[in-house]
Amino acid sequence: MSRSTSRPLRLVLASLVAGAALFVVSTPALANGLSLIFPDPASPNGHNIYDLYVWITYPAAVVFIGVEATLLIIIFRFRRKHPAQVGASWHGSTALEITWTVIPTLLIAVIAFLAFQELQRDFSVEAANNHPDLNVAVRGEQFSWSYTYDQGFTVKNQMVVPVGKMVHLTFDSTDVIHSWWVPALNGKTDAVPGYTNQSWIKVDPGVLGSCSGNDRHRDQATGGCVFHGECAELCGAGHYSMQIDVLAVSQQEFDAWTKKQQTPPATPKPSPSPSPSASPSAGPSPSPSAKPSP
Amino acid sequence: MATVAQPQVIDEAYERSLWSPITVWLTTTDHKLIGIMYMFTSFLAFLVAGIFALIMRVQLAQPNLNVVDAETYNQLVSAHGTTMIFFFVTLFLTGMANYIVPIMVGARDMAFPRVNALGFWLVPVSIGLYYSGFFAGGALNAGWTGYPPLTSKHFNPGLGVDFWTLSLIVWAISGIMASVNFLTTILALRAPGMTLLRLPLFVWAQISTSLLLLIVGAPLAGAMILTEIDRQFGTNFFTSAGRPVLYQHLFWFFGHPEVYIMILPGFGMISEIIPVFSRKRIFGYESMVLAIFGIVFLSMGVWAHHMYTVGLNIYVETMFMALTAAIAVPTGIKFFNWMATAWQGAIEFTTPMKFAFGFLATFVIGGITGVYLSAVPVDTQLHQSYYVVAHLHYVLFGGSVFTIFAGIYYWFPKWTGRLLNERLGNWNFWTMLVGFNGTFLIMHTLGLDGMPRRIATYAREDWAGVNFFITVMSFLLAFSVLLFVINVLYSRKHGVIAGNDPWDGNTLEWATTSPPEPYNFERVPEVRSFMPLRDAKLAAAGSPTASDH
């Protein structure tokens with residue numbers, strides 16, 4: 001008897017110790033700015049994904065706590081008290097079984113519906129081509145990224161975008177499969193050799209004021225905010241080194257930067273005319289490097 | 001039926017057991033000896049792949065370490081995944097089923113004993129081929145999924161990829177042989193009275209697993225063959241000039257059902273263990289069988305959920321999302337049925353039962369994170385991050401490995417005649433539970449925070465603390481496996497003598513000796529329910545039997 005009472009105690013103790021250990025060790029990490037969910041989203045699609053994640057968490061938490069609590073009740077209440085004891089004789093209940101088939105089905109249907117709405121809103125080809133102010137062709141190669149702009153120039157290492165502007169992104173690769181991922185802005189899109197994928201971002205203007213988080217830092221020269229990401233598809237020995245930086249700046253800074261990119265290659269254009277704000281509002285905008293195929 | 005024709009040879013094998021001359025092991029067609037060889041071989045693979053994991057954890061303990069270089073790290077990642085999935089979990093479960101299923105259905109051996117032996121002997125060939133890569137300039141370095149074009153000749157000229165494709169082709173052939181054998185044995189060699197709805201749930205699980213492997217083994221071999229033709233003959237099935245994504249379709253059409261191949265037998269074991277130690281009949285036998293086949297059916301329509309970021313049409317993605325999330329329903333049914341079985345039971349927490357509850361408590365986390373991952377938009381964030389690493393280990397370790405350990409502690413007395421030590425088993429369980437959750441729980445956070453999987457090192461200082469903690473806990477997990485190995489070595493010689501039926505079991509394997517004679521049963525018992533031994537005991541005690549089928 002003493003054995004059967006000490007065992008649950010030991011279980012509780014062990015769980016407490018494990019929980020405390022986890023807490024103690026994870027606290028400095030959390031205090032350090034490591035986020036429990038995603039890094040603060042800084043683009044509308046990033047926001048929507050974040051919200052969907054939070055929505056799923058409500059039923060998930062109920063199921064998790066319900067199951068673990070039931071297991072604990074079983075562990076404490078239904079131990080064998082004496083060697084000859086046998087369990088109850090019932091072994092089925094149609095009502096119960098229908099309940100725990102129908103309720104999960106409904107939950108799943110709601111989650112799938114919410115996710116489908118979000119897919120239509122932010123992941124369709126139409127969403128990516130919704131009156132973009134700027135087109136950037138992202139190209140992966142072992143082991144770096146290059147970004148080709150509407151205006152015809154290409155930069156490496158760091159992509160620069162204006163805040164508050166719709167940026168249409170196309171992705172492809174010159175060699176193996178890569179995956180472009182900046183968690184604060186949007187989910188991943190694969191860069192696959194042989195065809196072009198597309199996506200979009202629209203960086204919140206607020207990041208010019210507040211740019212704090214371990215995945216971002218203030219760019220002193222421009223006052224912009226640099227978001228950090230990494231290649232997410234194993235692409236060879238240098239995979240770990242294939243970093244991504246996106247610098248979001250004000251429109252003025254962006255125009256100045258664009259001008260600077262265009263002058264060194266000695267392309268004598270009297271008026272640089274980036275005019276991203278004057279992009280055609282009717283009809284798809286011409287994309288120089290990739291043909292989006294709706 | 002070569003085995004039945006030469007009983008004296010097998011007798012000899014049994015007299016001398018594990019340390020008998022090598023020739024007996026080399027020539028045996030006995031399903032029990034073959035089962036033990038499967039388990040022994042795949043457990044060695046488990047230890048090797050576990051050591052690889054520890055090396056990777058040391059490398060990741062702090063930012064910018066260079067314990068191993070990136071190329072070696074990529075080979076370790078690939079070998080860890082391939083070994084655990086193909087050579088450990090799948091094959092260990094094949095070994096357990098090889099030993100137990102024929103006895104559970106009251107057969108004297110598998111339907112095709114020589115095919116069984118051939119199927120097993122292809123296993124060392126397959127493992128040997130894969131590991132040859134390490135001695136030929138480097139093994140596979142593209143992850144266990146081996147996506148082209150990274151595995152094409154142009155980007156990967158070494159022999160490692162070739163050894164990998166050949167290894168998996170041999171593995172698939174071996175698996176298909178075993179599947180045919182299991183299905184035939186279960187359908188054709190059942191004891192008198194054992195109708196399909198009187199099959200123990202572990203046997204049903206083996207039917208489902210065998211069906212799955214029979215269906216998806218060929219597409220895997222196909223993907224490997226095309227990869228190899230691309231490499232050797234310059235074709236363009238999967239190269240940049242062809243369709244790299246086609247490979248992903250083929251691979252995951254195998255790869256996702258493979259997850260269920262690795263978990264359904266575990267579900268079957270839990271369905272045997274919980275009723276026995278609760279002294280209560282399984283709740284909802286028929287719905288358990290239906291749920292298994294619900295999972296089998298759905299599992300073949302979900303593969304593209306591994307491909308949400310390759311740019312599929314959103315309506316196609318929606319279909320895969322719906323089917324993927326739907327798998328939570330039959331899995332949930334099984335979960336609720338197990339809990340209902342234990343509810344109001346008379347539970348004894350022996351080591352197998354502890355592992356069964358450890359499985360329930362941890363696997364539910366893998367199930368829930370699976371629902372998050374099924375939602376396409378959320379998955380585009382979580383895909384290929386440490387969140388997925390955490391999820392898959394909750395499914396494959398919290399699921400498959402915990403059930404495997406439950407099954408080993410449960411059936412070890414049948415295999416050897418001696419019980420595993422309970423005190424060591426208790427330590428084994430608690431260190432594994434804490435070590436496992438310590439290692440993998442907080443990986444979810446790393447993934448959400450942006451750490452991609454399969455990176456050889458990282459620069460972010462704020463990831464250092466968590467990674468260091470994970471590394472420490474991974475050594476606790478390894479320690480738990482060490483305790484298990486010690487327990488097996490000790491108990492084989494000094495364990496408590498088990499007798500025929502140490503757990504007061506329900507099924508036929510407990511009706512025969514431990515270990516069973518080569519012919520399994522002196523007299524094949526007659527079966528009136530899915531708990532034939534329980535019936536026999538109740539009849540002997542003068543009580544009404546539980547049979548109602």
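Which residue is the bridge partner of Thr148(A) in E3(A)? The partner is Thr154(A).

This is a predicted model: local features need pLDDT of at least 70, side-chain atom pairs count only at pLDDT 80 or more, and totals for chains, interfaces and linings use all residues. Residues are numbered from 1 along each chain as its sequence is written, and chains are lettered from A in the order in which they are written.

**Sheet in chain A.** Five strands build an open, mixed sheet in the order E3-E2-E1-E5-E8. Strands (E, at least two residues) and helices (H or I, at least four) are DSSP runs, numbered from the N terminus. Strands pair if DSSP finds at least two bridges between them. E3(A) and E8(A) are the edge strands, each pairing on one side only. From one strand to the next, the twist averages 25°. E2(A) and E3(A) run antiparallel, joined by three bridges.

| Strand | Residues |
|---|---|
| E2(A) | 144-149 |
| E3(A) | 154-156 |
| E8(A) | 197-201 |

**Contact between chains.** Chain A gives 83 residues and chain B gives 83 residues. Contact means C-beta atoms, placed from the backbone, within 7 Å. On the side of chain A that touches chain B, H3(A) gives the most, with 16 residues.

**Helix H13(B).** Residues 351-374 form this helix. Its 24 residues should span 34 Å at 1.5 Å a residue, and the end C-alpha atoms are 34 Å apart, which agrees. The expected span is 1.5 Å times one less than the number of residues. H13(B) has a kink of about 25°, centred on Thr362(B). The bend is the angle between axes fitted to the seven residues ending at a residue and the seven starting there. Of the 24 residues of H13(B), 23 are buried (20 or more other C-beta atoms within 10 Å of the residue's own, placed from the backbone).

Technical notes: Buried ≥ 20, exposed ≤ 12 C-beta atoms within 10 Å, placed from the backbone. Contact = placed C-beta atoms within 7 Å. Axes fitted to C-alpha atoms, helices over the stretch in contact; angles between N-to-C directions.
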